[in-house]
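Biologist: I am new to reading protein structures. Could you walk me through this one, feature by feature?

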Amino acid sequence: SSEEAPPATQNFIIPKKEIHTVPDMGKWKRSQAYADYIGFILTLNEGVKGKKLTFEYKVSEEAENLVATVVPTHLAAAVPEVAVYLKESVGNSTRIDYGTGHEAAFAAFLCCLCKIGVLRVDDQIAIVFKVFNRYLEVMRKLQKTYRMEPAGSQGVWGLDDFQFLPFIWGSSQLIDHPYLEPRHFVDEKAVNENHKDYMFLECILFITEMKTGPFAEHSNQLWNISAVPSWSKVNQGLIRMYKAECLEKFPVIQHFKFGSLLPIHPVTSG
């Protein structure tokens with residue numbers, strides 16, 4: 001078996017819900033799953049800092065093989081566990097809704113692929129620019145086609161009806177940009193000229209295609225963010241907001257599932 005493979009003693013399990021009541025949220029915040037999930041998000045945040053979507057990145061051989069075989073045979077036992085997160089990531093087929101909890105399931109899926117060694121940490125730019133960005137394209141198509149309901153949307157007071165992570169990673173891409181500042185993302189010309197290079201602007205373009213009326217009215221939170229002086233301040237603020245508005249909200253986390261790769265047990269030091 002490859003060096004990247006988890007120890008042979010690893011017993012994979014089908015992930016299940018563990019957060020059943022609001023007081024259970026303490027278990028989640030202390031859990032290994034929470035620490036690993038937010039650590040993964042922040043590692044990718046660092047990886048894409050200051051880079052365009054067209055940035056030339058190396059993709060490790062493992063990631064190349066992933067496209068061919070998805071999961072190598074020696075890791076077949078991990079498939080049922082990891083697959084749960086992928087299934088959860090495309091919205092709810094009964095309610096036809098989609099939101100940041102489904103987005104978190106896809107990020108958890110990618111995190112699990114890193115944990116079993118199918119993806120590697122040095123693939124972090126490709127994870128965001130190639131895999132996650134493609135996922136966003138598919139979800140936008142579904143949102144347009146099926147007019148999916150925003151799951152747990154805060155309406156005009158939320159950041160966005162459907163996504164959160166591309167705003168975090170997208171703002172990181174723009175840190176220290178020579179001329180694009182946060183005030184520019186409400187400028188139609190700046191968005192049209194640069195959206196192919198930057199996730200954040202791609203999100204803004206999608207919002208303006210889906211919503212009518214003044215930007216300040218339909219996307220008040222984003223309008224306020226455009227007044228922040230620097231992208232690094234935007235990035236730090238969005239990370240804080242993500243923890244508070246998504247990861248610390250019971251209606252989102254009650255659906256999160258825990259297994260052997262993202263376990264509910266408290267963080268183990270070391």
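Predicted model: local features only at pLDDT ≥ 70, side-chain atom pairs only at ≥ 80, totals over all residues.

Biologist: Is helix 5 mostly covered or mostly open?

Modeller: Helix 5 is mostly covered, with 14 of its 16 residues buried. Just after helix 5 comes Gly117, which has a positive phi of about 85 degrees.

Biologist: Is Asp176 buried or exposed?

Modeller: Asp176 counts as exposed because its relative accessibility is 74%, and the cut-off for exposed is over 50%.

Biologist: Let me step back to the whole chain. How many helices and strands are there in the chain?

Modeller: The chain has 13 helices and four strands. Of its 270 residues, 48% are buried. Now take contacts between residues at least 6 apart in sequence: 79% of them join residues at least 24 apart.

Biologist: How should I think about the nonpolar residues?

Modeller: In soluble globular proteins, nonpolar side chains tend to be buried together. The largest nonpolar core here has 78 residues, and those touching the most other members are Trp28, Trp169, Phe200, Leu222 and Leu238. Helix 5 (residues 100-115) gives this core its largest share, ten residues.

Biologist: Which helix holds Leu238?

Modeller: Leu238 is in helix 12, where it is one of the buried residues; Trp231, Val234 and Tyr242 are among the others. Helix 12 covers residues 231-247, 17 residues in total, and reaches 22 Å between its end C-alpha atoms, close to the 24 Å expected at 1.5 Å a residue.

Biologist: And Trp169, what is it in contact with?

Modeller: Setting aside neighbours within four places in sequence, Trp169 is in contact with Ile41, Leu44, Asn45, Val48, Val128, Phe132 and Met199. Let us follow Phe132, which lies in helix 6 (residues 124-146). Phe132 counts as buried because its relative accessibility is 1%. Beyond residues up to four places away, Phe132 touches Glu103, Phe106, Leu110, Ile127, Leu165, Pro166, Trp169 and Met199. The C-alpha atoms of Phe132 and Ala107 are 8.0 Å apart, although 25 residues separate the two along the chain.

Biologist: How do I describe two helices that pack together?

Modeller: Two packed helices are described by the angle between their axes and the distance between the axes. Take helix 2 (residues 32-47) and helix 6: they pack at about 90 degrees, with axes 8 Å apart. That angle makes helix 2 roughly perpendicular to helix 6. On the helix 2 side the contact uses Phe40, Thr43, Leu44, Glu46 and Gly47, and on the helix 6 side Gln124, Ile125, Ile127 and Val128. By type, the residues of this contact are five nonpolar, three polar and one charged.

Biologist: What covers the buried residues of helix 2?

Modeller: The cover includes helix 1 (25-30), helix 5, helix 6, helix 7, helix 12 and strand 4 (257-258). The buried residues of helix 2 include Tyr34, Tyr37, Ile41 and Leu44.

Biologist: Why does Asp36 count as buried?

Modeller: Asp36, in helix 2, counts as buried because its relative accessible area is 19%, and buried means under 20%. Apart from neighbours within four places, Asp36 is in contact with Cys111, Lys115, Leu261 and Leu262.

Biologist: Can we look at a loop residue too, say Gln163? Is Gln163 buried or exposed?

Modeller: Gln163 lies in the loop between strand 3 (149-150) and helix 7, and it counts as buried because its relative accessibility is 5%. Leaving out residues up to four places away, Gln163 touches Tyr98, Thr100, Glu103, Leu136, Met139 and Gln143. Its C-alpha is 9.9 Å from that of Arg140, which is 23 residues away along the chain.

Key:
Residues numbered from 1 in each chain as written. Heavy atoms only, no water. Helix = DSSP H or I, 4+ residues; strand = E, 2+ residues; numbered from the N terminus. Expected span 1.5 Å × (residues − 1). Buried < 20%, exposed > 50% of the residue type's maximum accessible area, 1.4 Å probe, protein only. Core = buried A, V, L, I, M, F, W, Y, C linked by side-chain atoms within 4.5 Å. Contact = heavy atoms within 4.5 Å. Axes fitted to C-alpha atoms, helices over the stretch in contact; angles between N-to-C directions. Parallel < 35°, antiparallel > 145°, perpendicular 65-115°, else oblique. Nonpolar A, V, L, I, M, F, W, Y, C, P; charged D, E, K, R; others polar.
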